[in-house]
Protein chains: 2
Amino acid sequence: MSRKSIGTAAERQLVGMFWQAGWAAVRVAGSGSSQHPSPDVVAGDGTRKLAIECKVTEAKAKYFPIDEIAQLETFARTFGAEPWIGIKFKTLTWYFLAVEDLDRTGTQFSASLLAAKRKGLLFEELIGIGR
Amino acid sequence: MSRKSIGTAAERQLVGMFWQAGWAAVRVAGSGSSQHPSPDVVAGDGTRKLAIECKVTEAKAKYFPIDEIAQLETFARTFGAEPWIGIKFKTLTWYFLAVEDLDRTGTQFSASLLAAKRKGLLFEELIGIGR
C-alpha cells in the first residue's frame with residue numbers, strides 16, 4: 001500500500017471504531033490539501049466533538065510541522081471541538097495526545113512512542129473522558 | 001464537468017462560504033459511498049453544529065430516497081448536529097431546508113424550487129438563526 005492509502009485505511013479504521021462505540025465520525029475530504037484548516041477525522045457523541053489529526057508511522061517518533069498543529073487548533077477552536085493528535089505506531093495501538101503533550105523540537109512538534117505510551121490516551125480513554 | 005465534480009465544486013463553494021462567515025467547515029470524504037451514515041458537509045461555529053446533505057440540480061425539483069434522509073438524521077442525532085438539506089437550483093442560490101420542510105412523495109422526499117423559496121433559508125439566515 002502507498003503511504004497515502006495506509007493513512008486512509010487507518011482513518012477508516014478509526015472512524016469505524018467511533019461508530020462501534022456509539023459515536024458518529026467522518027473522514028475529512030482533502031484534509032492535507034484543502035485551503036482551509038482541516039483535521040483528518042471529526043467525531044461527536046452528541047455532547048463532545050473531537051477534531052483529530054491522524055498519523056501512522058513505522059518510526060519510533062513522529063514529527064509535526066508547527067503549522068500543521070496550529071491549523072488543527074484553529075479548526076478546533078472555530079468549529080468547537082477538542083483538538084487531538086492520533087498516532088498509530090508499529091504497535092498498532094492508537095494513542096491520542098493533546099497538543100500540550102507534544103514535545104517541541106526546534107521548528108517542529110514531535111511525539112515519541114515512549115511519550116505516547118506515557119502521556120497519550122488509549123481509544124477507550126479518549127472516548128471515556130471529559131477533558 | 002461531470003455530475004460528481006459539479007457536486008464537489010458546490011460543496012467546496014459552501015465550505016468556503018462558511019469560513020468566510022467565520023465558521024469552520026469540512027467536506028466529508030466518500031460521503032456517498034461510506035458504510036456509515038455521513039452528510040456531505042459538516043460545519044460549526046463553536047456553538048452550533050450543522051450536518052448538511054448538498055444537492056445541485058438543473059431540474060425544478062429534487063428527489064431524495066427516504067434512506068438518504070434517514071441517514072442524515074441518524075448522523076446528526078448521533079454526532080450532535082442540526083440536519084439540513086442544502087439545494088442549489090439553476091438560480092445558483094443555496095436554499096437550506098429542514099427535513100420537515102421536504103414533501104413526502106410516495107417512497108421519496110422531494111423539494112421543489114418553489115417550496116425551497118417559500119420554506120427554505122438563505123445561507124445568511126441559516127448561519128444567523130438558532131433553531
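Colleague: Happy to be looking at this with you! Which residues does A:Val42 touch, not counting residues up to four places away in sequence?

Modeller: Welcome! This is a predicted model, where local features need pLDDT of at least 70, side-chain atom pairs count only at pLDDT 80 or more, and totals for chains, interfaces and linings use all residues. Residues are numbered from 1 along each chain as its sequence is written, while chains are lettered from A and ligands numbered from 1 in the order in which they are written. Two residues are in contact if their C-beta atoms, placed from the backbone, lie within 7 Å. On that basis, the residues touched by A:Val42 are A:Ala25, A:Val26, A:Val28, A:Ala51, A:Ala81, B:Val26 and B:Val42.

Colleague: Which residues touch the most other members of the largest nonpolar core?

Modeller: A nonpolar core is a set of buried Ala, Val, Leu, Ile, Met, Phe, Trp, Tyr and Cys residues joined through C-beta atoms within 7 Å. Buried means that 20 or more other C-beta atoms lie within 10 Å of a residue's own, exposed means 12 or fewer, and partly exposed is in between. The largest core has 74 residues, and those touching the most other members are A:Val42 and B:Val42.

Colleague: By what turn can chain A be laid on chain B?

Modeller: Copies are superposed by least squares on the C-alpha atoms of residues with pLDDT of at least 70 in both. The RMSD is 0.0 Å, with a shift of 0.0 Å along the axis, and the turn is 180°. The two copies are thus related as by a two-fold rotation axis.

Colleague: Which elements give two or more residues to the side of chain A that touches chain B?

Modeller: The contact takes 21 residues from chain A and 21 residues from chain B. Helices (H or I, at least four residues) and strands (E, at least two) are DSSP runs, numbered from the N terminus. In chain A, the elements asked for are α1 (3-20), β1 (24-27), β2 (41-44) and α2 (66-79).

Colleague: Which strands stand at the edges of the sheet in chain A?

Modeller: Strands count as paired if DSSP finds at least two bridges between them. Chain A has an open, mixed sheet of 5 strands in the order β1-β2-β3-β5-β6. Each edge strand has a single partner, so one side of each is left without a neighbour in the sheet; these strands are β1 and β6 (94-97) of chain A.

Colleague: Is B:Leu121 buried or partly exposed?

Modeller: B:Leu121 sits in the loop between α3 (113-119) and α4 (123-128) of chain B. With 19 other C-beta atoms within 10 Å, B:Leu121 is partly exposed.
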